[in-house]
Amino acid sequence: MLRKKRLRTLLKYKAQFISMIIMIALGVGVFVGFNMEWYSLERDTGELLEATGFADYRIYSEKGFTAQDLEKILAVDGVKEGTRFLSVNTTVQGDTNVLALTVSENIQVSGVYLMDGEPYDPESLDGIWLSDQYAEKNGIHVGDSLGLTYKIMQVRGTVKGLIKAGEYMICLPDETQMMPDYNSYGFAYISPAMLKKAILFEFYPQINVISDLPKADFVAAAERALGKTTLILGRDENVSWAESRGEIEEGQTMGSILPVLFLAIAVLTMVTTMHRVTASEKTQIGTLKALGFRNRRIILHYTSYALMIGLMGIALGIGVGYLLGWYILSPGGAMATYIDLPAWKLYVPGFCWAVLAAILLFVTGIGFLSVREMLAGTAADALRPYTPKKMRHLRVEETKAFKALGFGTKWNLRDCLRHKSRSFMTLFGVLGCTILLVGGLGMKDTLDAFVTQFYDVAIHYRNRINLDGENVTRSDAEALAEAYEGDWSAMGSVQMGEKPVSLEIYHIQRDKVRFLDTDMKVTPLGDEGAYICGRIARDQGLKTGDSLTFSPYDSEDSYTVPVAGVLSSLTESIVMTDACADAAGIPYTINTVYTDAEEIPSDSRILNAQSKKAIMDSFDTFMELMNVMVALLVIAAVVLGVVVLYNLGVMSYTERYREMATLKVVGFKDRKIGRLLITQNLWLTVVGIALGIPAGIGVLRYLLTALASEYELKLVIGPVTYAVSVLLTFGVSLLVGLMIARKNRHIDMVAALKTEE
Amino acid sequence: MEIVELKAVSRVYRNGEHEQYALKQVDLTLKEGKFIVILGPSGAGKSTLLNLLGGLDSPTSGTIHVAGKDISTLTEDQLADYRAATVGFVFQSYNLIPTLTVLENVALVKEIAPDPLSSHEMLKEVGLADHIHQFPSELSGGEQQRVSIARALAKNPRILLCDEPTGALDSETGVLVLKLLLRMAREMGKTIIVVTHNQQIAKMADTVVRVKNGRIVSCEDQEHPMTAEEVDW
């Protein structure tokens, strides 16, 4: 019989039960989804890196390494495997596309993962193993012929296989580009034999090594073995490793912040709602007790509702989590536009199951405690209807201002104070809704401003020409810049303490490159010293007026220059003018020219050119992803707002049903009673928004620091974001208020007022 | 002068195909300024009659004229205006707003009544001038019922409709409440209609209407109604 009652009670409180299930499903969905995201990404990327022998260290030398050099490195204790390695950007013949031509002498290190075609053959003299993504975007198939040009080197061969590679898991031409664009840039592997055939000698400017040694130990041992200081980068300084780790860490941060917000709201909704449901069932609980049902049976009966809600919410939440995970991690998913993996498998971290079990236990516990409270005392006690706390006088009531308030205001004010948990939950729901809106839309504003400043304002050229630095003299480079009416720079790596950073030396006369200060405002470069990026300033504790010291690789010299300012920069870099570098005696090689010229004819001095348009195009994908993410957050905010406010609105309506019936009997019209109800919702909404906006800004600020400190983003929130956040939250509150207020028409005055108080 | 006139009033409740008459072809005329008791056992239809008079419900057929106005065909909003201006309600279970003080509970009618009386005066009338800042939960049952009467009177209605007003009170407090209602009829000229199953209350009435099975069994004027003290409670 109790089974039938359970079903009917579920139907009676369907709005409450459904809202609890939705809130738990949302909380669990976000929790499982984001944790699944980082964990699956960790395993999926790990599988590719493992399968392709991703290197732990990369040793660089512009002059190249001999086979003996490799022997010396392999002889170092703790080095497991090594390879001489080459990766150069080549131009695709008959096209402006660029392919990173790659050769790894020992394919077990920094190797390939075959997706289609023949396995990699180290002896092949004409085989090209091409990025499958690049092939797909450019309509290239196995068996097609492909020609590549690098300086005077020409390579022509047949596409033997389509591949992925750990080294190019995130395939970016340079640090200015944030998203891969396989339409114009990809990678290809050829065999060492084919390289030798093409250039008639061996040239490997890199040794890649697999080793468990800590970086300091490895660097010391490698430099000892080679007999010179050299640039050695660890995994952390490789874009594929660092960026994918960054994504994993971002996922971990998201997995620990957003679910807390959603789960907190879900649990609070559950506590408030279960208490209300059992309170309104109190006389039935008392009746069962009076009939002779044991407490344990009654507790089991009512606790089973909470258990069912928990089970359904969690099951639905796991589904939502998988959907979220699939949306991010699948061949057509958001992450696939960034990271190139052969397989996207979804895994749920083990601890998630433990947390879900704890959530189920907790939710069931809430039901248990709620019914136990109603069962307290004798059967006669349990039979009495639940009475809310008695009203107490407040000090504020003595004030003239309070006395001057209308009846509706007093009614609502005291009702809020009488039903504190309900009011608090409403406030919390609105707060959550506003935080998500301000956070989501603010994130978009911030990135929009970032892209505009960095790419529309700071990049003031049409084309960036990469020169063959080693073979172009300074006067040649200057002549080229002059011919193209451009500015030039010299880019290189230097060592600052133990850390490799970029050294960028600019000669700016035609405003082709601009620099942004920490407020993202354009600032001119002075000749009196070097400018450092925000991260160097923060990590090294440097400020304007201090001195900094760095030393070029392959050199024993070191240079000390004053810090002239701090810049916003995508790269961890030291920036200075050529005048400053000349004054300090810093050697450099001009390797980049910035120009507005549209056509860049091929020239032996030019390696390749990269247009601003190509960089901007790659952002379209990034911004599309961002827009979808923001849309999801807005939807989540609206769902959260509607579900929480509707649930609490129904509760408030039920609890005040009798009072509203009284007002109706006295002669109040439905509209007026509706206004009273909506007014309370709107008050709480105003307070929720007032708290939610600074809280949203705080959360966004935290997320920017935790997730994207490498971009040195400056938080920007536009007036439209504020307006949309406020209006949407208000709109949700008003909509829900109107939905509840419509119920007034159906108040049964007679039945309501006949019931026992 | 007649204040209430019912002609062939029926109220039918339908439950699927089943029809149940709460009132059947009722004709009734009541005079203004009288203390009227509607008497009958449970389920007789007396509360239905009161609800129809109060504009809480509408008849299935027939006409109801109150203070010269046909209320049987009014819309929801017109009924709300009617309740605000013409009738006051007193229920067995007081129905006060728990979050408003005594004074505020009475004063809230100012928001809707066209010609309200002073809330302070009405509370003085019912003997609660010293309790105006207390919340209902701080009062006894009798006191709460008197607040409910003060609230009904503050609208300055012509008719006070009381549904078992002493049902939840002990007899001593009940007598106090009945004396108060009687005084309202005698001194303020209000028409007081009390619905009850308590035969003793009928002894105080100017007119006694007996209801049974949805029909008016009798409607008798009493020439010498008893005072509350004379009734054997």
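**Strands, domains and a partner chain**

In chain A, β1(A) and strand β9 (residues 206-211) pair in the antiparallel sense over 4 bridges. This is a predicted model, where local features need pLDDT of at least 70 and side-chain atom pairs count only at pLDDT 80 or more, while totals for chains, interfaces and linings use all residues. Residues are numbered from 1 along each chain as its sequence is written, and chains are lettered from A and ligands numbered from 1 in the order in which they are written.

Q: What makes β1(A) and β9(A) a pair?
A: Two strands pair if DSSP finds at least two bridges between them. β1(A) and β9(A) have 4 bridges, so they pass. Within this pairing, A:Tyr60 stands opposite A:Gln206 in β9(A).

Q: Which residues make up β1 and β10 of chain A, and how do they pair?
A: β1(A) covers residues 57-60 and β10(A) covers residues 231-234, and they pair in the antiparallel sense over 4 bridges. Here A:Tyr57 stands opposite A:Gly234 in β10(A). As for the names, helices (H or I, at least four residues) and strands (E, at least two) are DSSP runs, numbered from the N terminus.

Q: What are the domains of chain A?
A: There are domain 1 (1-54 + 239-387), domain 2 (56-237), domain 3 (419-458 + 613-757) and domain 4 (463-597). Their bounds come from an automatic or database domain assignment.

Q: How do you know that domain 1 and domain 2 of chain A are in contact?
A: Two residues are in contact if their C-beta atoms, placed from the backbone, lie within 7 Å. By that rule, 19 residues of domain 1 of chain A touch 24 residues of domain 2 of chain A. On the domain 1 side, α2 (14-51) and α7 (239-280) of chain A are the elements giving two or more residues, and α7(A) gives the most, with 6.

Q: How many residues does each chain bring to the contact between chain A and chain B?
A: Chain B brings 26 residues and chain A brings 22. On the chain B side, the elements giving two or more residues are α2 (76-85) and α3 (102-107) of chain B. α2(B) gives the most, with 5 residues.

Q: Why are β2 and β5 of chain B called edge strands?
A: The open sheet has 4 strands in the order β2-β1-β4-β5 (chain B), with antiparallel pairing. β2 (18-31) and β5 (69-70) of chain B each have a single partner strand, so one side of each is left without a neighbour in the sheet. Inside the sheet, β1 (residues 2-15) of chain B and β2(B) pair over 10 bridges, and B:Asn15 stands opposite B:His18 in β2(B).

Q: How do you know that the radius of gyration of chain B agrees with a compact globule?
A: The radius is taken over C-alpha atoms, and the globule rule is 2.2 Å times the number of residues to the power 0.38. With 233 residues, a compact globule would come out near 17 Å, and chain B has 17 Å, so the two agree.

Q: What makes a residue of chain B count as buried, and what percentage are buried?
A: A residue is buried if 20 or more other C-beta atoms lie within 10 Å of its own, exposed if 12 or fewer, and partly exposed in between, with C-beta atoms placed from the backbone. By that cut-off, 51% of the 233 residues in chain B are buried.
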